[in-house]
Amino acid sequence: MDLLSDELKSYLESSCDPESDLLKQIDRETHLKVSLPRMLSGHYQGRVLSMLSKMICPRRILEVGTFTGYASLCLAEGLSEDGILHTIDINAELEEMVRASFLKSGLGPKIKYHIGNALEIIPNLNEVFDLIFIDADKKNNESYYKLTFDKLRSGGLIIVDNVLWSGKVIGDKKTDSATTFISNFNEMVSSDPRVEKLILPVRDGIYLIRKK
């Protein structure tokens, strides 16, 4: 289920700021060399992430799920002068490609790239975050949310990707496990009194969650 037509997607992309040459290169390399390239945030969602980050001007960002680094660089655009982005991914095979992109961006010194299991790494991060982006294995969305919540400052923002799951969340939850995990996570957040929340139908759906 496509939430938007190809024509409307093209219009949205033409109406926002263009990608940098580096982001275009990451997109191209991802589609040429990496399996499941659709996991990349892409132009329009990347500009949404960049805009949200710039509005907050975060000093500390946590990203769970680096993939090829596209979203990482978009989020890092909004960092304060002394800001740091921590990004975690379990796929060591992409490390060389990702580190090369971070180096080219000029933002390398502001990015701490962790390779390993996020469930083990997050508890050891001694930081208070202003912005958290969760875009990893969907079955652990609730675990990532619970692990990071106390590390988010009051007024901080959690962004969770793929919460509409190609529209499957409004269908039969029993057809596949990923849909069930995502639906259950969405219901948990919607009933959490500690946060203000809003799903935006951007790409595959992003949940904006503001800690009170």
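**Fold, cores and loop residues of a predicted model**

The secondary structure of the protein comes to eight helices and seven strands, where helices (H or I, at least four residues) and strands (E, at least two) are DSSP runs numbered from the N terminus. This is a predicted model, in which local features need pLDDT of at least 70, side-chain atom pairs count only at pLDDT 80 or more, and totals for chains, interfaces and linings use all residues. Residues are numbered from 1 along each chain as its sequence is written, and side-chain values use heavy atoms, with hydrogens and water left out.

Trainee: What radius of gyration does the protein have, against that of a compact globule with 212 residues?

Mentor: The radius is taken over C-alpha atoms, and the globule rule is 2.2 Å times the number of residues to the power 0.38. The C-alpha trace spans about 45 × 45 × 30 Å along its principal axes. For 212 residues a compact globule would have a radius near 17 Å, which agrees with the value of the protein, 16 Å.

Trainee: What percentage of the 212 residues is buried?

Mentor: Buried means under 20% relative accessible area, exposed over 50%, and partly exposed in between (1.4 Å probe, protein chains only). By that cut-off the buried share of the 212 residues is 49%.

Trainee: Of the contacts with a separation of 6 or more, what share is between residues 24 or more positions apart?

Mentor: Contact means heavy atoms within 4.5 Å. Among contacts with a separation of 6 or more, residues 24 or more positions apart account for 68%.

Trainee: Which residues is Ile 26 in contact with, leaving aside neighbours within four places in sequence?

Mentor: Ile 26 is one of the residues with the most contacts inside the largest core. Its contacts beyond those neighbours are Leu 40, Thr 68, Tyr 70, Leu 73, Met 97 and Ser 101.

Trainee: Is Ile 159 buried or exposed?

Mentor: Ile 159 lies in strand E5. Leaving aside neighbours within four places, its contacts include Leu 49, Leu 52, Phe 133 and Tyr 207, and its C-alpha atom is separated by 6.2 Å from that of Ile 209, 50 residues apart along the chain. Because its relative accessible area is 0%, Ile 159 is buried.

Trainee: What is phi of Phe 67, and where does this residue lie?

Mentor: Most residues other than glycine have a negative phi. Phi of Phe 67 is positive, near 55°. The residue is buried, with a relative accessible area of 12%. Its place is the loop between strand E1 (60–64) and helix H4 (70–76).

Trainee: Trp 165 also has a positive phi; how does its relative accessibility count?

Mentor: Phi of Trp 165 is about 50°, although this residue is not a glycine. Its place is in the loop between strand E5 (152–161) and helix H8 (177–190). At 23% relative accessibility, Trp 165 counts as partly exposed.

Trainee: Which residues does Asp 204 touch, not counting those up to four places away in sequence?

Mentor: Asp 204 is in the loop between strand E6 (195–200) and E7, and it is buried, with a relative accessible area of 12%. Its C-alpha atom is separated by 8.0 Å from that of Gly 167, 37 residues apart along the chain. The residues touched are Leu 3, Asn 162, Val 163, Leu 164, Trp 165 and Ser 166.

Trainee: How far apart in space are Val 202 and Gln 45, C-alpha to C-alpha?

Mentor: Val 202 is placed in the loop between E6 and E7, and it is buried at 10% relative accessible area. Leaving aside neighbours within four places, Val 202 is in contact with Tyr 44, Gln 45 and Val 48. Val 202 and Gln 45 are 157 residues apart in sequence, and their distance in space is 6.7 Å.

Technical notes. Core = buried A, V, L, I, M, F, W, Y, C linked by side-chain atoms within 4.5 Å.
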